[in-house]
Amino acid sequence: MDLLRSVILGIVQGLTEFLPISSSAHLAIVPQLLGWEDPGAAYTAVVQIGTELAVILYFWRDIWTIGSGWVRGVFSAQARQQPEWRMGWFIIIGSLPIVILGLLLEDLIDREFRNLWFIGSMLIILGLVLGLAERIGRKTKPIGDLRTRDAILLGLAQACALVPGVSRSGATISMGLFLGYERQAATRYAFLLAIPAVVGAGVYKLKDIPGGENAYGIGPTIVGTVVSFVVGLAVIHWLLQYVSNHSYKPFVIYRVALGSLVLILLWAGVITATVAA
């Protein structure tokens, strides 16, 4: 049963990591709705490595171009004039807030923030924020217009995703839209910015897999991670095609509806607010 549950949650992770609807919220909500125990914060962090490996595979050319350009810039003044050097620094700068706050707030993230009253509320609030960003954002700036101030603001937005229910991609995309970036540019940058933070968090949490912070153990967790990789790869391709010609409005509606359902079920006593650490 642990293996089957891990496969199902791997599918949930792959479907929800890149959509602006919060994978961590779904990994907390789905087990409750199905009557399962919470998989734990360590399982959540590690299974996300699968979806980030999907990002690495999908964007490997971008990653190689940025990474090699940044390394060349360390040794060459001429290379420091190239956009790859600046983009490398933007990703480094943008990753710092979530790393620092993640370490400082680890206990809150693993316990207090995993309360479904909190998660349901965040689904609604950040859904409305995404809707506002979609409505008022100019959506005209390409990713090449990125500047240091914008990288810092996007990094701070991503750090908000330490709270389950916010959504890493949702928060970053919302900030990108508020700053005037095109939907596809904001979405693409959100994917690239997430790589250091999510892979780092997953590796950091590997030590907790054999213990009480993971309900399924090593084998099922590996299977769930592989499943999330395969599903996530398909979702990335679909989402980048979708946002080229469509708005984020359906995701706004979904977030508000799901958050409202969670709060109603909590109020009715159908599900419980507190999940395992």
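Q: Before we start, what should I know about the model and the numbering?
A: It is a predicted model, where local features need pLDDT of at least 70, side-chain atom pairs count only at pLDDT 80 or more, and totals for chains, interfaces and linings use all residues. Residues are numbered from 1 along each chain as its sequence is written, and side-chain values use heavy atoms, with hydrogens and water left out.

Q: What volume does the largest cavity have, and which residues line it?
A: Its volume is about 50 Å³. The lining is made of Glu-17, Phe-18, Glu-52, Arg-168, Ser-169, Ala-190, Phe-191 and Ala-194. Helix H10 (183-205) gives the largest share, 3 residues; helices are DSSP runs of H or I, at least four residues, numbered from the N terminus.

Q: How does that lining divide by class?
A: Into 4 nonpolar, 1 polar and 3 charged residues. Asp, Glu, Lys and Arg count as charged, Ala, Val, Leu, Ile, Met, Phe, Trp, Tyr, Cys and Pro as nonpolar, and the others, Gly among them, as polar.

Q: And what about the second largest cavity?
A: That one has a volume of about 30 Å³. Its lining has 7 nonpolar, 1 polar and no charged residues, and H10 again gives the most, with 3 residues.

Q: Switching topic: which residues have the most contacts inside the largest nonpolar core?
A: Tyr-189, Phe-191, Ile-236 and Phe-251, in a core of 37 residues. Such a core is a set of buried Ala, Val, Leu, Ile, Met, Phe, Trp, Tyr and Cys residues joined through side-chain atoms within 4.5 Å. Apart from it lies another core, of 12 residues, including Leu-116 and Val-262.

Q: What does Phe-191 touch?
A: Leaving out residues up to four places away in sequence, Phe-191 touches Phe-18, Glu-52, Val-55, Phe-59, Ile-236, Leu-239 and Leu-240. Contact means heavy atoms within 4.5 Å.

Q: Last one: is Thr-16 buried or exposed?
A: Thr-16 is buried, because its relative accessible area is 6%; buried means under 20%, exposed over 50% and partly exposed in between, with a 1.4 Å probe and protein chains only. Thr-16 sits in helix H1 (residues 2-16).

Key: Helix = DSSP H or I, 4+ residues; strand = E, 2+ residues; numbered from the N terminus. 1 Å grid on protein atoms, 1.4 Å probe; cavity = no way out; pocket = protein on both sides within 12 Å on 5 of 7 lines; lining within 4 Å. Points joined across faces, edges and corners; volume = space filled by probe spheres on them.
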